[in-house]
Structure formats: C-alpha cells, structure tokens
Amino acid sequence: MRILLVEDDLALAKALQQSLSREGFVINHVNKGKLALVALSVPDQDLVILDLGLPDMDGLDVLKKLRDKNSHLPVIILTARDSIESKVKGLDYGADDYLPKPFDMKELLARLRVIERRIGTASSSLISIDNVKLDTAAHEVYVDGDILSFSKKEFMVLKVLMESAGRIQSREQIESRLYQWGEEVLSNAVEVHIHKLRKKLPNKFIKNIRGVGYTVNKSISK
Amino acid sequence: MSIRRYLVLNLFAALTLITFVAAIQGYKHSMTRASKQFDQQLVALAQTLTVINLNTKNDKNNKNNPKVLQHESSFAFQIFQEGELVLRSKNAPDSAMNHSFAIDTEIIGFLDGNFLGQRWRVYSFVDLIKKTSSVEKIIIVAQPLQKRFVFAQDVILSAVTPMIIAIGILSLLIYIIITRGLRPLRQLTKELVIRKANDFTPLKLKAKNSELESVIATLNQLFSRLNSAFERERHFASDAAHELKTPLSVLKVNAYNIQHDLTHILNYENDSVNQLVLSVDRMSHVIDQILNLNRTNPEQLVIDSKVVNINYLLQNVIRDLYDEISDREQTIELESEDIYLMAHEFSLQLMLQNLIGNASKYTPNGGYIKARTYISENHDLKLIVEDSGNGIAPEEYQRVFDRFYRVGGDRHNSTVIGCGLGLAIVKHIVLLHGASIELSKSTKLQGLKVTVMFPKSLMNAASNKTIPSPPEVMKNV
C-alpha cells in the first residue's frame, strides 16, 4: 500500500517512514499542504496520513480540497490538537480516522490494517483471528480449516467485526455498513445476525459489550 | 447605602437643620427688635400721659376713688400724684404696677411684673410738674408680654413660611439633580453587574462627563489587558500541547522502532528499551493530564455549552478505552439511555475518560466495570461508575481530588501509569457543570463507586433546545 505522509516535523516523518516501510508500506513524504495537493492530483496513492498543523495551510483545508475533488482516498488525521471539536470537524470533513499525538505506533498500524483490509489492497484477502479465517475475496469462512456457510448478511456482519478486530462496533455502525452495501436493515436485524453467527462460531468469539456494541477480540488466547 | 441616597438624605438633613437654626436665630433677633420697639412705645405713651392735666384739688373727696378711663387698648396705665392713684385705665389694678415683689420696692424704669393673671412689661416714669415744684407725678404704663410674643411669632412665621416651602422645593430639586447627575454612574454599575465574569469586551457606555470618561477608559483598558492575558494563557495550553506532543510522538515512534528492531531483528530482549517505552508513555500521559487540568480550569475555560447525549459520549469513551480494557480481560457494561443535557462536550468526555480509565487502571485483570446513568427521583441525572477493584479508603475520599495526590503515596504501584491529576480534572469539570461528585464503596462490585449528579436544569435547558438529529456514526471502522 502506498501512503502519502503529510507532516512538517522532519524527525517524526523520518521515524514514521522507518517503521512504516518496515511493515511493507511505501511511504512518500511531503512537508507542506500545497505539495500534498500536488502529489494527490496524480492518483497513485492509496492512503494519506495528514498532520493538521502544516506551515503553509491548515491540514483540514487540504482534506477539504481533496474531498471537493471527489476523491474517496482514505485519510488518517494525525494531530497534536486533540480537542473533541477538531476531532469531530476532521471526521465531518471526511477523514476516515483520527489519531491524537502522541500516538501509539501499534495503534497507527492497527488502523492502517483496518483501512487496508477495507479497500482491499492487503497482500492477502485473508483475515485470520485465532482459529477463524475469513476470505474477503472468496466470501468464505473457515473454522479450524472447515468451511462454514453463512448468509450474505451474516458474512458482512462478521467481516465488519473481523476487519476492526479489537474495536467495538456499535449496532448503528454495523447497520450503516450494511446500508452501504445496499441492504435493507430491520430494526433488530443486527442482533439476529449476531445471534446466528454466534451459534456457528467458537464460543465467545463475538463479544457483546452491553450498552455499547459488539467486538471480536484481536486474539482470544491473549 | 447608595451615593444617591447618601447625598439626598444628607443634603436634606443639612438644609433642614441650617434653616431651623437660622429660624431660631431670626426669632431671637425679632424678639429683641420687637421688645425695643414696644419699649419705645411704652416710653412714648408715658410721656404723652404727662400732658394730661389732673385737677386734683377739686377732687379731694375722691381721694381713694381714682378716675377710671375706659378704653379698648391693651395698654394699661396708672397715674399717681403725691402718692395717690388719680387715674388708671380700665385694665389696670389699683395697686402700683411697678411694685416688684421680689425686692419689695417700687422701681422706676422698666420692669417685668405679674398682676391680674398676666405677665406685663411695666414702665414707670416720674414727672416733675414744674422744675422747682416738689409735687411729683408718677406715670406707670404696662403692656402684656404675651402681645410681644405674638408679634414676634407673627414676624418670624411670615419669614419662615416661604423658607419651609423653599426647603420642599429645594429637596425635590436636589433629588432630581442628584439622580440625573448620577445617572451615568448608575448605568455603569448596571452594565458591570450584568456582565459575565469572563466577558472582557469593552464597555459600550458613552460618558458625557470627564470623571466617568476616564473611569470607563481605564476599565476598558483593564478589560483589554485582562482579555489578552487570558487569551495568552489559553493559547499557551494549545501551543504547549503542540510543541510537546510532536517531539513526544517522535520519541515514541523511535522507541518503538528500537524495540522492534532489537526484538524482531536481533532477537534481543532489552529491559532498558522496555523501560524507555514505558517512561515515554508515562510522560505523554502526564503532559496530557497537565494540559487537560489547565484547560478545564473553571477560571480559564469559556464554557460554550451545547446539547450533548451522555449515552453517546459514554459509548465513545468506552470504545476508545476498549483496547486497554480488553488487554486486561476486564468486562465492561454500560446501562444507559439517550439522555440529553446542556454541557461542554469536550470536558464532559474528558471526565468520562478519566472515570472509566481510572476504573480500568485500578481494577485487577479480569475485573468488572459498570457505568450507568439514570434520572433520579428528584429529576437529577446520576452517572455512576463502579468497579471490582480495591477501592479507596473512606478517609482518603477528600484528598484524592487534590492535584498530584495518589492513593498510597510513594508506595504506589508504579506499574500503573498515572500522575494523580485525573480526579482533580474530574473535579474541575464537575464544578464547571454545577454538578456534584461523591465517592463510596460499591455494594455490587466491592470496588470504588463514583457518583456524579448533574442538576436537572442542565436537562431542562437541553430539552428547550431542539434535540439534534442522532449524531453521525463515527467512521472509525
């Protein structure tokens, strides 16, 4: 996956470049908003990591200009401004994720993986958690190597949860993903799908966080 | 006491007092003048009476039978000739009027005496009929003193009456003038009273008088200086945030890289690097908390409240903290429904982060955390966060809200990242919202139970505003 890193702090850019390259990402770095827009005018990037405090223009303006050009390029905002206002603003402007500085490298990598799986640029279409494997390309699920059959909607719900393993997905979030695939969603549909999924999957694979949502832990054995 | 009241009352009192003293002085003065006048009249009358020719020789037989003159004047008179009363006015007694009982002798000249039930002013005068003659005629005239008082009172009353009316008019004028004169001051006071504590915009008052003009100018100058000081203070937090957080990120990423290279490439476990990573984490936590403490300081924060759904905030906070919670194999449960209140979203979220973060931090692995909200019987919103940790001893309940105070002091378990600011921040935010906080032991989970009570006014204010459409689902998939 090719990532455009827009960050004016050279030391941070360098360190990020080092760790991200090692994880197999291809990094291009620019230190100004205008340069970022120039680089993005050619569609050869898969993702943008954007710092908001740029020397020549506000990072949010870069994001706005990018979205104005009807680009759906995933954007992760990286910023020292951690107030909820700028977080909401960033997400409103169409950022895909938001990480306040100082962020955890593992956290950034996890979020990059989520986006990578979603846009399908992952080297493998296989998401594997414990003994459950989900093939996003073939639409198949294996438990301990045995193929299991799921309905289309059940598969989608499981995909949403496994893509973002370790993070809680609210009922509304899962519903909105189903909507994105053009599916009709009934009020209690998510609960029904989860109920069916749980019967087929290993015990406690899908966790319910009462009052918040559902999640698949990164690794149960942990 | 207001300046206006003070001025009006005191001026009125002074005016009345001085007028009264002046009236008394006037009365005394009029009295002396009147006495002099009346005395002169008495003298004149006595002298006039000398010309009356009394043929006493023909009236020898009438020796003890003086002539009585009928007249309608207040004056009384007696004429004695050779010791005999020969003529008297109707209102005069038979005995000599100039007889002073005090010294039991007859006095020539002026004298105040009592007879016929009145007090009189008496004047006696000896008239020698001829210079050579030894025949003496004593003329005594008298006038009731009452007459003089009445006259003096008349004089003073006619002088004082217009003054009393003048006092009335003057008081009214003083009241009006003072009220008008103090109007700009009153406007200034009003403007300052309704002003919010954190409003530093210049006063819009236009002063017409030079004294207030300089007061307002000075105040405005002060406001603008305060304003820029507060702005600087506010900006300091965000500037410091940016200046500290970026280098910290560099530290963190580099520490991660070193750790990764050592373990994955060189297969070398090095505790110093692990300690470095931990210390960087700890430092970023402390910096975050110090900035948050500064940012939520009730004196600093300009609170711009908006309608907030506490359930939505709680879900978000739990989602953000879930990584830590699942790492520690803790179970968290939220029992809440959509409750809207007027609140400062950022600080409220920060408070929930600190409360739930603390619950997770101080609860052993595999423990339970429960957060719930409900509307209590007296319509307050209650937020309860409880855990199955070790809790806090009741005697420490008060102190845990102090800055940098940590339960157990230096013996504190250093594996838990913390700096003792979390609950101080929570306290700030509780104060900001006019809420109250209470610590107790959880009966269900045996750990700490934190109860925050938000006044019902916050919910009422929110329900008066239109409830916003459900917030867009966060796209953090």
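**Handedness first**

A crossing counts as right-handed if the near helix is turned clockwise from the far one by less than a right angle, and left-handed if anticlockwise. I wanted that settled before looking at H6(B) and helix H7 (residues 345–361) of chain B. This is a predicted model, so I note that local features need pLDDT of at least 70 and side-chain atom pairs pLDDT 80 or more, while totals for chains, interfaces and linings use all residues. Residues are numbered from 1 along each chain as its sequence is written, and chains are lettered from A and ligands numbered from 1 in the order in which they are written.

**The two chains**

I started with the overall counts. Chain A comes to 8 helices and 11 strands, and chain B to 9 helices and 15 strands (DSSP runs numbered from the N terminus: H or I of at least four residues, E of at least two). Chain A has 222 residues, and 39% of them are buried. In chain B the buried share is 26% of 477 residues (buried means 20 or more other C-beta atoms within 10 Å, exposed 12 or fewer, partly exposed in between; C-beta placed from the backbone).

I then looked at how far apart in sequence the contacts reach (C-beta atoms, placed from the backbone, within 7 Å). Taking contacts between residues at least 6 apart in sequence, 55% of those in chain A join residues at least 24 apart.

**A helix pair in chain B**

Back to H6(B) and H7(B). Their axes lie 9 Å apart and the packing angle is about 35° (axes are lines fitted to C-alpha atoms over the stretch in contact; angles run from 0 to 180 degrees between N-to-C directions). The crossing is right-handed. From H6(B) I listed Leu313(B), Leu314(B), Asn316(B), Val317(B), Ile318(B), Leu321(B), Glu324(B) and Ile325(B). They meet Leu348(B), Gln349(B), Leu352(B), Gln353(B), Ile356(B), Gly357(B) and Ser360(B) in H7(B).

**A helix pair in chain A**

In chain A I picked helix H2 (residues 33–40) and helix H3 (residues 59–68), whose axes come within 10 Å and cross at roughly 20°. This crossing is right-handed too, going by its own entry. H2(A) makes the contact through Gly33(A), Ala36(A), Leu37(A) and Leu40(A). The partners in H3(A) are Gly59(A), Asp61(A), Val62(A), Lys65(A) and Leu66(A).

**Cores**

Which residues have the most contacts inside the largest nonpolar core? I find Leu313(B), Leu314(B), Ile318(B), Leu341(B), Leu352(B), Leu355(B) and Ile356(B), in a core of 51 residues (buried Ala, Val, Leu, Ile, Met, Phe, Trp, Tyr and Cys joined through C-beta atoms within 7 Å). Helix H6 (residues 310–327) of chain B gives the most to this core, with 9 residues. I followed up Leu341(B): leaving out residues up to four places away in sequence, Leu341(B) touches Val308(B), Ile310(B), Leu381(B), Phe454(B), Leu458(B), Met459(B) and Ala462(B). Another core, of 40 residues, lies apart from the largest one and includes Leu16(A), Leu66(A), Val75(A) and Val114(A).

**Asn309(B)**

Is Asn309(B) buried or exposed? With 21 C-beta neighbours inside 10 Å, Asn309(B) counts as buried. I place Asn309(B) in strand S9 (residues 306–309) of chain B. Asn309(B) touches Asp338(B) and Tyr340(B), not counting residues up to four places away in sequence. Ala343(B) is 34 residues from Asn309(B) in sequence, with 9.2 Å from C-alpha to C-alpha.

I checked some loops. The bond joining Lys101(A) and Pro102(A) is a cis peptide, with omega about -5°. Pro102(A) sits in the loop between strand S5 (97–100) and H5 of chain A.

His139(A) has a positive phi near 55° without being a glycine. Its loop runs between strand S7 (132–135) and strand S8 (140–143) of chain A. His139(A) has 13 C-beta neighbours inside 10 Å, so I put it down as partly exposed.

Lys204(A), another residue other than glycine, has a positive phi near 65°. I found Lys204(A) in the loop between helix H8 (189–200) and strand S10 (206–209) of chain A. Lys204(A) counts as exposed because it has 10 C-beta neighbours inside 10 Å.

Conventions
Contact = placed C-beta atoms within 7 Å.
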